[in-house]
Amino acid sequence: MSTDKKGFDWKDLLIGLLYIIAAIALFASPGITITVIVIWLGILAITRGIFNFIRYTKVKKFTGFNATLLIIAGVLNILIGVALITNILSGIIAIGLLFALWFIVDSIAQILNVGFIKANKFIYWLSIIFNVMCLFIGISLLFTPITSALTVPFIIAFYLLIQGIEVVFTTFSK
């Protein structure tokens, strides 16, 4: 039996697990250097962007819906990832703003595209709740840059944990 017929997507499961692993690592070692955080999250952003392009083609193929927000989120994720990896110092300086924008854009895109999992009402509402929480995290990062800089590892870990759980749950609900 093909996994495509069930709708199970190993790529989504992988990104969800990567997010959860990153969250656990950040919670377990709050003293981790910001350079490692910048590089790791740059890789995650690029991976997420690539998966957004893959998801876009699947959505368009199976529903005929032109999910342009997935393309926009994918491009922004890749640009943020490349910026973080290629210019570490600038990434460190601007990490609060970059993550705020990333969280906001990605959360809005996920909220607007959550309608594709309506088959399971619990997962649908769980996804809405998790993404609204992540949206508020992103907005709070914009308004509290000093606090954000001091708590970046914990804020990012919490965000990644929520997103990872949400992606894993939605992977199994398809």
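Predicted model: local features only at pLDDT ≥ 70, side-chain atom pairs only at ≥ 80, totals over all residues.
View 1. The structure holds five aromatic pairs. One of them joins Phe27 and Phe154, with 6.5 Å from centre to centre. An angle of 40° between the planes makes the pair tilted. Phe27 belongs to helix H2 and Phe154 to helix H8, so the pair links distant parts of the chain, 127 residues apart. Both residues are partly exposed: the relative accessible area is 35% for Phe27 and 38% for Phe154.

**View 2. The largest nonpolar core.** This core has 30 residues. Those that touch the most other members are Leu41, Leu44, Phe99, Trp102, Phe103, Ile156 and Leu160. Two or more residues come from each of helices H2 (10–28), H3 (34–63), H4 (68–86), H6 (95–113), H7 (121–143) and H8 (145–173). Helix H8 gives the most, with seven residues. In soluble globular proteins, nonpolar side chains tend to be buried together.

**View 3. The surroundings of Leu44.** Leaving aside residues up to four places away in sequence, Leu44 touches Ile15, Leu18, Tyr19, Ala22 and Leu160. Leu44 and Leu160 are both among the core residues that touch the most other members.

**View 4. A cluster of rings.** Trp102, Phe103 and Tyr159 are linked into a cluster by ring pairs.

How values were computed
Residues numbered from 1 in each chain as written. Heavy atoms only, no water. Core = buried A, V, L, I, M, F, W, Y, C linked by side-chain atoms within 4.5 Å. Buried < 20%, exposed > 50% of the residue type's maximum accessible area, 1.4 Å probe, protein only. Helix = DSSP H or I, 4+ residues; strand = E, 2+ residues; numbered from the N terminus. Contact = heavy atoms within 4.5 Å. Phe/Tyr/Trp six-rings, centres within 6.5 Å; stacked < 30°, edge-to-face > 60°.
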